[in-house]
Amino acid sequence: MRTVADLFQAFKEAPAAPVNSAPRSGSVNWVRGIKQRIQEPMEKLQALNNLVMETDEAKEILKLYTSLTEQMGEHEQATVTLWCTEIEATSEEKLKQSLI
């Protein structure tokens with residue numbers, strides 16, 4: 001979980017995205033992919049016996065997971081908002097251009 005958190009912090013401003021994707025959609029896709037990759041192991045951990053989830057290490061992991069998913073959600077929302085703003089600005093410019 002710490003490794004994923006470190007990777008998210010390091011690459012959230014310039015994530016690795018497919019060559020054929022737009023920068024904003026690639027960023028959103030990257031964040032969603034990371035969320036999906038950490039969600040399944042976390043669900044398996046939570047499905048274990050309650051004694052496991054009561055340990056200090058499990059509590060720390062749960063706290064980190066919650067914090068990380070909140071940060072990812074905020075980053076995703078900020079990226080989408082920025083993307084919408086850019087679309088509005090560039091679409092007006094493109095509509096004013098001549099076709100020929």
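Biologist: What should I know about the model before reading any feature?

Modeller: It is a predicted model, in which local features need pLDDT of at least 70 and side-chain atom pairs count only at pLDDT 80 or more, while totals for chains, interfaces and linings use all residues. Residues are numbered from 1 along each chain as its sequence is written, and side-chain values use heavy atoms, with hydrogens and water left out.

Biologist: At what angle do the axes of helix α2 and helix α4 cross?

Modeller: Helices here are DSSP runs (H or I, at least four residues), numbered from the N terminus, and axes are lines fitted to C-alpha atoms over the stretch in contact, with angles running from 0 to 180 degrees between N-to-C directions. The axes of α2 (residues 23-47) and α4 (residues 56-96) come within 10 Å and cross at roughly 160°, and the two helices are therefore roughly antiparallel, a term for angles over 145 degrees.

Biologist: Is M72 buried or exposed?

Modeller: Relative accessible area, computed with a 1.4 Å probe on protein chains only, is read as buried under 20%, exposed over 50% and partly exposed in between. M72, placed in helix α4, counts as buried because its relative accessibility is 0%.

Biologist: Which residues is M72 in contact with, leaving aside its neighbours within four places in sequence?

Modeller: Contact means heavy atoms within 4.5 Å, and on that basis M72 is in contact with V4, F8, V31, I34, K35 and I38. The C-alpha atoms of M72 and A5 are separated by 9.6 Å, although these residues lie 67 apart along the chain.

Biologist: How many salt bridges does a search of the whole structure find?

Modeller: Side chains of opposite charge can pair when their charged atoms come close. A salt bridge is counted when a side-chain nitrogen of Lys or Arg is within 4 Å of a carboxyl oxygen of Asp or Glu, and the search finds five. One of them joins E60 and R2 at 2.3 Å, N to O, linking helix α4 with helix α1 (residues 2-11) across 58 residues; E60 is partly exposed at 44%, whereas R2 is exposed at 52%.

Biologist: Which helices does the pair of K35 and E76 link?

Modeller: The side chains of K35 and E76 meet at 3.4 Å, N to O, and the pair links α2, which holds K35, with α4, which holds E76, 41 residues apart. K35 is partly exposed at 23%, E76 is buried at 13%, and salt bridges that share partners join R32, K35 and E76 into one network.

Definitions and conventions: Parallel < 35°, antiparallel > 145°, perpendicular 65-115°, else oblique.
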